[in-house]
Amino acid sequence: MSWNLAGTFYENCSCDAICPCTWSNLAHKATRDDFCRFALAFDVENGEIEGVDVSGRLFVMIGDTPPNMAEGNWRVGVIVDDGANEEQVGKFGRVISGELGGPPAALGPFLGEFLGIEQGPITIDSDGKRHHIKVGELIDYSGERVTLESGEQVTLTNIVAHPAGPTLGIAPVSRSQVNAFGVGFSGEDLSGFSNPFAWSG
């Protein structure tokens, strides 16, 4: 049975802005010598997975990878908002694991260890330009979209190695604190993106 998710995506990673892993399609390593770590938050405005409505749900992917992400051995965990019911959480697990195909399945060859799927309180506050993502006491980051005088967002295009691509809106993170599934990083003026996403399988 088919599935689809659409909404808005908010990224924070441990690289200095702007993450070279992204604009090089994984050809360049992260700006830190020992790791690349990330938190990818998804606000699912509309979605259905195998007949189950998941509209209004939120989830965050947390990852830890080598500085050259193309080497694989990624460690990835997922937190779904605590308002989701058991069936919805199970369906998200099937999508995010790549079991049902679509963009998440493209990450499969890079995955070394799945750290699990949990639930927690997730809030995403956004006014269309500035955003603040919080997951209990585990994750807290704020970013702002870079725009032209016209209000149009500055973007990276032709990004083929990113699940929310191929166009990513630049939105550097002013401050960040992430510590979930044993994956931690923090800092100021880190890499970030924010833009609509649409997945299906």
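Two strands are taken as paired if DSSP finds at least two bridges between them. In this predicted model, strand 1 (residues 3-16) and strand 13 (residues 183-200) run antiparallel and are joined by 10 bridges. Within this pairing, Glu11 stands opposite Phe193 of strand 13. Strand 13 is also joined to strand 12 (residues 173-180), again in antiparallel orientation, through seven bridges. Here Gln177 has Ser186 of strand 13 as its bridge partner. Two residues lie between the strands in the hairpin of strand 12 and strand 13, where Phe181 adopts a positive phi near 55°.

Strand 1 also contains Thr8. Because buried denotes a relative accessible area under 20%, Thr8, at 12%, is classed as buried. The side chain of Thr8 forms a polar contact of 2.8 Å with the side chain of Glu45. Glu45 is one of the residues that Thr8 touches when positions up to four places away in sequence are not counted; the others are Ala41, Phe42, Asp43, Arg145, Ser194, Asn195, Pro196 and Phe197.

Helix 2 spans residues 86-96, and its buried residues are Gln88, Val89, Lys91, Phe92, Val95 and Ile96. Viewed down the axis of helix 2, these buried residues fall within an arc of 165° and therefore line one face of the helix. In an α-helix there are 3.6 residues a turn, so residues three or four places apart point the same way. At the start of helix 2, a side-chain oxygen of Asn85 comes to within 3.1 Å of the backbone nitrogen of Glu87. Gly98, which has a positive phi near 90°, follows helix 2.

Conventions:
Residues are numbered from 1 along each chain as its sequence is written. This is a predicted model: local features need pLDDT of at least 70, side-chain atom pairs count only at pLDDT 80 or more; totals for chains, interfaces and linings use all residues. Side-chain values use heavy atoms; hydrogens and water are left out. Helices (H or I, at least four residues) and strands (E, at least two) are DSSP runs, numbered from the N terminus. Buried means under 20% relative accessible area, exposed over 50%, partly exposed in between (1.4 Å probe, protein chains only). The arc is that of the directions from the helix axis to the C-beta atoms. A polar contact is a pair of N or O atoms within 3.5 Å; within protein, one must be able to donate a hydrogen and the other to accept it, and residues adjacent in sequence count only if both atoms are side-chain atoms. Contact means heavy atoms within 4.5 Å.
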